[in-house]
Amino acid sequence: MILPCRIHRARTRVDPLLFALLFAVCLLAPFSKVLSQEALSSASEAAGLGWLPAVPVQITAGLDMGYDDNVTLSSPSQGSVFARENVVLTYARPSERTQVSLIGVGRFSEYFDVPGQNETAGNVTLSLTHNFSSRLSFYASVYGTYQNEPNFTSNVGPQNVRTPFFDTADLFALTYHWLLRFSTVTSYTFERVQYFSSSNGNSQNGVQDTLAQNRIQNTFSEEFQFSLTSRTVLVGEYRFEAIDYDTAPINSTTNFALAGVNHNLTEHLMVHVRGGESFRSLENEGNTSSLYFEGTLSYVRSNHSLNWTASYGFESPTATGVTTTKTWRTGLNLRYALTSRLSSTTGVYYHHDENQGGTGSTGTQDFFDLSVGLRYTINKRFALNVNYELNSTSSLGSIPGYSRNRCFGGVTYTY
């Protein structure tokens, strides 16, 4: 089984440096005694408390400056110089029975040439694995984000709308090994999407009722795994998905019947594939079915890694008035250490929507997202980075497409 491993606009002008300092102080205050693990260890030993474990907390603060040539995602475009402050907190606690990791990100972006577009955002990712016994284990992954920028990597909402929204995707899974070769995975996934504005506020981008995207999605899954060899696991899976919208009359339930395989091609190369049929029942539009497919390919070495994902099937419509959307989605992430100090990252995401039914626009729409970055480590504390991002969408009915380029660079300091 593949485990997914996912505030309001500032209304007054805020000095970015002051905001970064205040944000850092707020985050650092509770951890002021654990920032230096060496000092903590020495003090513990001096007091006869050498058994106290070091707290594995790391905090990174950064400042970026750059240029965005289409801040409002409109046509004609409006460009602006911007500054962005980032604070990242990471926590990892591995043990024999329980592993816990936490990543928290806080970000403030100020656009100097286009008023009313500043963004205060943040996200938290928590994962936990606990082994109750040699047979029974539990896994949980909780992700929550609050942001203005559209999300090109998942089926959250319109990619041509820049407005505040909250999204959480939470997975809970229980694995039990019944026999040496046979095991089951029972899981539950909860997702909530909530926008806080009824439209993007820009008539040039057409009418997009983002409040119609507000929904709750519950997915239950039972997976059966059989270890054919030490490298190959055969998989059969049943899923039930229920989507309940706050206002839009497109509630649905979907049943999935899937089969697949997890296979280690080599020590470093792994493939996970699922395929089958999905049957969707719309509250007011009858029943329909579609082929469903999802797969990942992962390659990991000491100095580089590559992860490719692909999927096809029903997704929640992101265009107003559309009742059914089938989406082909793919994404690629590559990390490569060019030298001991210089590393690169590349991310490419593309998805193609086939929209049908309802009173809204029908037809196809394409979305593309590219990000490229270089990072140079000066020492264990300081690092420099330079990045380029490209987003583009095609038009759909009265909703025009757009293209956006952002380039920026900055410095980070790790405590």
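Which residue forms a salt bridge with Glu-241? Keep that question in mind for the first close-up of this predicted model.

**View 1. Glu-241 and Arg-280 form a salt bridge.** The partner of Glu-241 is Arg-280, and their closest N and O atoms are 3.2 Å apart. Here two distant parts of the chain are linked, since Glu-241 sits in strand β9 (residues 232-245) and Arg-280 in strand β11 (residues 269-282), 39 residues apart. Glu-241 counts as buried because its relative accessible area is 11%, under the 20% cut-off. Arg-280 is buried too, because its relative accessible area is 3%.

**View 2. Arg-406 meets Asp-68 in a salt bridge.** Look for the side chains of these two residues, with an N to O distance of 4.0 Å. Are Arg-406 and Asp-68 buried or exposed? Both are buried.

**View 3. Arg-406 also forms a salt bridge with Glu-149.** In this close-up, the closest N and O atoms of Glu-149 and Arg-406 are 3.9 Å apart. Once again distant parts of the chain are linked: Glu-149 is found in the loop between β5 (136-147) and β6 (165-177), and Arg-406 in strand β18, 257 residues away. Glu-149 is classed as buried because its relative accessible area is 8%. For Arg-406 the value is 9%, so Arg-406 is buried as well.

**View 4. Arg-406 takes part in a network of salt bridges.** Stepping back from the individual pairs, you can find Asp-68, Glu-149 and Arg-406 together with Arg-162, Glu-389 and Arg-404 in this network. For the model as a whole, the count comes to 15 salt bridges.

**View 5. Six residues make a nonpolar surface patch.** Now for the surface: Leu-63, Tyr-376, Ile-378, Phe-382, Leu-384 and Val-411 make a patch of about 470 Å². Which strand holds Phe-382, one of these residues? Phe-382 lies in β17, which covers residues 382-393. Phe-382 is partly exposed because its relative accessible area is 38%, a value between the 20% and 50% cut-offs.

Technical notes: Residues numbered from 1 in each chain as written. Predicted model: local features only at pLDDT ≥ 70, side-chain atom pairs only at ≥ 80, totals over all residues. Heavy atoms only, no water. Patch = residues over 30% accessible without salt bridge, like charges linked within 9 Å, V, L, I, M, F, W, Y side chains within 5 Å. Areas by Shrake-Rupley, 256 points an atom, 1.4 Å probe, with all protein chains shown as cover. Helix = DSSP H or I, 4+ residues; strand = E, 2+ residues; numbered from the N terminus. Buried < 20%, exposed > 50% of the residue type's maximum accessible area, 1.4 Å probe, protein only.
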